Amino acid sequence: MSAQHAGRAGQTAERPERKSVFSNDLVERIEKATLRYPDRKAALIPALNMIQRELGYLNRDAVRFVAKQLSIPESEVYGTASFYSLLGWQPTGRHVIHVCHNLSCSLLGAESLIEHLEKKLGVGEGEVTPDGRFSYARIECIGRCDGAPAILIDDDYHGNLTPESIEQVLEQYT
Amino acid sequence: MEKMLFKRIDVPNAADITVAEKHGAYSQVGKAFGIKPEDLVNEVKRSGLRGRGGAGFPAGLKWELCARVPGDVKYLLCNADEGEPGTFKDRFILEQDPHLLIEGMIIAGHAIGAQQGYIYLRAEYPKAAGILEKAIEQAYAKGFLGKNILGKGVKFDLSVHGGAGAYICGEETALIESLEGKRGQPRSRPPFPASSGAWRKPTVINNVETLANIPFIVALGAETYAKIGEESAPGPKLFAVSGAVNNPGGFELPMGTTLREIIYTHAGGIKDGKQLKAVIPGGASTPMLTADHLDVKADFNSLMAAGSMLGSGAVIVMDDTACMVNVTAVLIRFFEHESCGKCTPCREGTGWLYKVYRRILSGEGKPDDVDLLLSICESIRGKCFCPLGEGAIQPVLSSIAHFRSDYEQCVNGRGCGREEQCRKVLH
């Protein structure tokens, strides 16, 4: 992940104050999370997960916001955030499809499923469909190997998929 | 064998505390609190329980090392980051019987003197996150967690800490770094977490399944528990079977059940009437075995003697249509992606391995490439900061040892006719 994904460095000072896109509820939930730990910084990954859940992805504003909430430097926030595969820096669709491509799923047809999905959605990995409905990404083992090939759509698992059945699954998401 | 760890798995709605209690959940907390912490540690030592996360370290000894360190502040961490490809055994407990884990953690906390626990849960388990949060809330409401558990003056707080997608965080010091809000890169050891772990305080990190065994050790007593399964590693074991089998799933079996029984009796045998070609007995980082090894007992010592490892008990089965070069390439793609970048042999080595697999699967492999893979493995072996690099080379070494002809077919310039299929994994 390159630094440019996190925003434009060096423009911090000139940026005018504007209304925060982060809700008071989010501020409260992050504050509540800090109480679980002896050190506020431990709430960093939970906070980033909360923001991603709300906005769909992270950006420079998110990094700055979390840094302020947890009283740590922005560089530390970005340093941690950039390590983890499931924290993303690009806009996502309303529904995020994660297709497992690890061994158990691969043995039972994950690659053909991905090929079919790309064709069906008309987009590649990391891209959003023109109607904003879906984006998809490959993911490492999601622990649903007993239902291989398996996928995660948002928080829901779908397993034993075929190119035909995945189309029915997609219809459930608007 | 009567089920223990999966006792409540088939009970509808066992994630609800009322249902779970009706079926025995939290029944051992009172008994455990009546035992002095050092006696409880000894009981777990005498039970012979070995860690179920992969390394098989004696659980009681781990507890003792932490319990003996002076200090008022200690932590108990549950490693619920089962990211080893093919592993999904803990998922059943996390989603269907979270109170078993919570009960085990309350007892473990009492034994080691920890008043705070965290369940480090992988981000790929969002369903389990909600279930665990609710179960913890219910346990607080019923007085099984909090400042004065069962009115016995024992304090234990517990919360879920969600990860964000990193296999390496299953390594215990990387898990601690991640818990503290940092990049998940392993720490140098010593000091071991038992003396200096989370926030530099004495810390015990146990796998979900390990902690789930604790209430049964308390209930049965160490002597009776130690009679289950193998003498060298007693107790029940959860196996997660996937791949080319008719009935993939999670199975609770005595430690030491043979691979043949696991695959053919419990997992329904090989799909579509095919033959077994290879089996990975303990997750992606454990060496592959062949049909000749089916009578090996699945326990720590027997699998080690057969040249592999019990690992997490994740059994992945390949049938005779599988190309082992393709299979290994998928695993190396994974290890290359998950190498944390901290040490050079692992970071560069997994990258080089994947480059060679790419070349082979693209149809541009050279006859020397098989030896090149072996030589890269030698540059990784024994030189890495943590076990990830060592694990990454296992599928390469074992697939070449057992299935070198698959490789030779790929690099002989004549091809195998399935190149199209193979190239798809070159992501």
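This is a predicted model: local features need pLDDT of at least 70, side-chain atom pairs count only at pLDDT 80 or more; totals for chains, interfaces and linings use all residues.
If you then colour chain A by burial, buried residues make up 40% of its 174 residues. Among the contacts in chain A with a separation of 6 or more, 59% are accounted for by residues 24 or more positions apart.

Staying in chain A, select A:Asp154, which sits in the loop between strand E3 (151-153) and strand E4 (156-158) of chain A. Is A:Asp154 buried or exposed? A:Asp154 has 12 C-beta neighbours inside 10 Å and therefore counts as exposed, the cut-off for that class being 12 or fewer.

Now move to chain B and select B:Leu150, which is found in the loop between strand E3 (146-149) and strand E4 (154-162) of chain B. B:Leu150 is not a glycine either, yet its phi is positive, at about 55°. Because B:Leu150 has 14 C-beta neighbours inside 10 Å, it counts as partly exposed.

Next, display helix H3 (residues 37-47) and helix H4 (residues 59-67) of chain B together, and turn the view until both axes can be followed; they come within 7 Å and cross at roughly 155°. That angle makes H3(B) roughly antiparallel to H4(B), since angles over 145 degrees count as such. The crossing in which H3(B) passes H4(B) is left-handed. To see the residues that meet, show side chains for B:Pro37, B:Glu38, B:Val41, B:Val44, B:Lys45 and B:Ser47 on the H3(B) side, and for B:Ala59, B:Gly60, B:Leu61, B:Trp63, B:Glu64 and B:Ala67 on the H4(B) side. Sorted by class, this contact of H3(B) with H4(B) has 7 nonpolar, 2 polar and 3 charged residues.

Where in chain B does B:Pro190 lie? B:Pro190 belongs to the loop between helix H8 (172-179) and strand E5 (203-207) of chain B, and B:Pro191 likewise has its place in the loop between H8 and E5. Look at the peptide bond that joins B:Arg189 and B:Pro190, which is cis, with omega about 0°. Then step along to the bond between B:Pro190 and B:Pro191, which is also a cis peptide bond with omega about 0°.

Technical notes: Residues are numbered from 1 along each chain as its sequence is written. Chains are lettered from A and ligands numbered from 1 in the order in which they are written. Axes are lines fitted to C-alpha atoms, for helices over the stretch in contact, and angles run from 0 to 180 degrees between N-to-C directions. Helices (H or I, at least four residues) and strands (E, at least two) are DSSP runs, numbered from the N terminus. Angles under 35 degrees count as roughly parallel, over 145 as roughly antiparallel, 65 to 115 as roughly perpendicular and the rest as oblique. A crossing is left-handed if the near helix is turned anticlockwise from the far one by less than a right angle, and right-handed if clockwise. Two residues are in contact if their C-beta atoms, placed from the backbone, lie within 7 Å. Ala, Val, Leu, Ile, Met, Phe, Trp, Tyr, Cys and Pro count as nonpolar, Asp, Glu, Lys and Arg as charged, and the others, Gly among them, as polar. A residue is buried if 20 or more other C-beta atoms lie within 10 Å of its own, exposed if 12 or fewer, and partly exposed in between; C-beta atoms are placed from the backbone.
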